Amino acid sequence: LTAEPVTHYNVSVDTVVYPYGADLDTSDLAFCNVTIAHAYTDPERSDNTFLTQVWLPPPAGGGGAAEEGTPEWNGRLLAVGGGGWNAGMGSYYYMDMAMALATGYAALTLDGGVGGREVPEWGLSSSGHVDMAALRDFASTSLSSAASLAKAVISSYYGAGPAYSYWRGCSQGGRQGYELAQRYPDAYDGILANAPAIYMPQVVGYDFYAQQILAESADDQGDWVYPRACEMDAITRAAIAACDGLDGVEDGMVAAPEECDFDPWSIVGSDVPCPPAYPGGPASEIVSSPAAAAANAAWKGARDNWGHFLWYGLGQDANLSSPVSLVTTNCTTTSNSYGTNTTCVPLFPDYVSDYWGAFLFKELPPFETELLNMTRSNYTEYFNYGVQEYSDVIGTSNPDLTPFAAAGGKLLTIHGVADQLIPHLGTVDYYKRALDVDSNLSDYYRLFLAPGVAHCRVGAGAYPNNAFEQLVSWVEDGQAPESLEAWTPPNPETGERVERPLCAWPAMAQWDGEGDVNKTESWYC
C-alpha cells in the first residue's frame, strides 16, 4: 500500500466523453492518493496482482486541503467503471474520479488484475490457451475485492466507512455495474450502468458481422469491395430522412427504429458527395451494393449461415463510419497513366479484434488474415463458441436481481438508441428477462432509452446529465425516477438547446402535438 498527498491537481474534462462534467470545476484539487497492490492464491494463475486506487478528499471539518478548492468528504464512495478491455486506471477514468472529488466523493478505480497490458498479453497463457483465471479476475473477482478494500481504506482514513457507495460506468463500465448487481449485490447501494456490455460474447461477436458481410462480397475478380465512409453516411442520412417522422416529430433522429423499414439498396447507384472531410478518394462516390449490404447487416443484426437470429442490430441513425464504428474503412487513392483508383480496407475497433483474436482464434496479432477469410459457417461456429465458452465468465446476463433488491440496491441504466457499438435492444432483452423473474422489477431497476444518443455520449439526441443525482435521490430519499430530464449541448450559434424527457421503459416520450418540440413541457411519457 502507498499513500501520497496530491495538491493542485488539474484535469480538463472531455465533455464529449463525460457530458455531465460540463459544469464541474476540476482544477486545483487536493486529495490523498492511496494505491493498493494485492493478490490471492490461485493455482491457475501465477501473476494475479490487482491494483486498486482510492482518492480521498479532505475530511469534513478538517480544513487544510479543503481550502485549496476540493470539497470536503460527503460521506460517500463513488467507483468509476472502465471501457473497452480496460477495467479502469487511465486518463479518462481519472477524469471521472476528478469529477467525483469535485462533488465531495471519495473515488475508486481498479486495473482488473491485468494492468495496462494488451488483451493478447494477459488473455493468452504461454501455452497459447485462453487464461480463464485472468478473464475471470478481469470480469468479476477484481470488482468485489476493490469495493471491499476501498471501504476499508475509507474507514481507516476518516474513522468511519461510507454511508452510501455508488458505481458509475458505461460500456465495459456498464457491464461491470451489472456484474456487481448480479454477483456482489451488497457491494454498492446505487449503480448507474449506461450502454452496458452485458451479453458481451454476443455483442462482440455481432460487432464484426457487418465486416463479415463485406468479406463475403468479393467481386467477379475475387477482390473485396469495401465502401468509403461517405457511402455509409449517405445511407444513414437517407434512413433518417425516411424514418425521422415516425414518432410524430422530425428532429434528425430515428426514435422508433423497430418501425423503420427503409431499404438501403434503394439508394445504390446514387452519386453522393464526398467532401474533403472524407480523405482517400474523389469528391463524389457511387453508393455500392456492398455498402447497402453492410448497413443492412448492422441494422438487422447477426445471422448464422441459415439466416437464423444470432444477435440484435443497431438503430438506423447510428453512425456506421466513425473511427469507432462497425463499418469503418481506410481508403487511399493511387494514380497512373490510366487514371486514379481508390482502394479501401477494413478497420476494426481494437476491442473487437482483440476478442476475436485472443479468445476465439487464440492467436497473437495480427489477426486480419483469419478475420477476412471466414465463411459464414466459420463465423457462426466462432460466434456460438464464444457464447458457450465465455458467457458464464463475462456474459453478465443473469436476470435474477432479487438479491440486489433484498440488499436495498438501485440500478439505473441509460442506453442510446443511436448507439453505434452495443445494440440497445440487447439491454431491452435483459430487462424483459429480469421482469419475468420479478414483476416488481421497477422498484429497484429502471431502464431509459435515449433517442439519438450515441455510445456513452451525446449525439443528435438529448442526454440526462443529472442522471447520477437522480440515482442518489432514489437511493437516499426513495424518489424513483419516472422520467429523466435530458438536453443537448447549446447550439453554438443560437445558444438554444433541445430538451426532452426520457421515460422509464417501456414508456416512450410523446409530443403533445402543440407545444415547442424543443421544450420538455411539450412532451409526456
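In which hand of crossing does H3 pass H4? Before selecting them, note that this is a predicted model, where local features need pLDDT of at least 70, side-chain atom pairs count only at pLDDT 80 or more, and totals for chains, interfaces and linings use all residues. Residues are numbered from 1 along each chain as its sequence is written, and side-chain values use heavy atoms, leaving out hydrogens and water.

**Stop one: two helices**

Select residues 132–158, helix H3, and residues 172–183, helix H4. Helices here are DSSP runs of H or I with at least four residues, strands are E runs of at least two, and both are numbered from the N terminus. The crossing of H3 over H4 is right-handed, meaning that the near helix is turned clockwise from the far one by less than a right angle. Their axes come within 10 Å and cross at roughly 60 degrees; axes are lines fitted to C-alpha atoms over the stretch in contact, with angles from 0 to 180 degrees between N-to-C directions. H3 and H4 are therefore oblique to each other (under 35 degrees is roughly parallel, over 145 roughly antiparallel, 65 to 115 roughly perpendicular, and the rest oblique).

Now show the side chains. On H3, Phe-138, Ala-139, Ser-140 and Leu-143 meet residues of H4 that include Arg-175, Glu-179 and Leu-180, contact being heavy atoms within 4.5 Å.

**Stop two: a pocket**

Next select Ala-255, Ala-256, Glu-258, Leu-449 and Met-508, the lining residues nearest the centre of the second largest pocket. A pocket is an open set of points on a 1 Å grid over the protein atoms alone, where a 1.4 Å probe fits, with protein on both sides within 12 Å along at least five of seven lines; lining residues have an atom within 4 Å of a point. In total, 30 residues line this pocket. H13 supplies the largest share, five residues.
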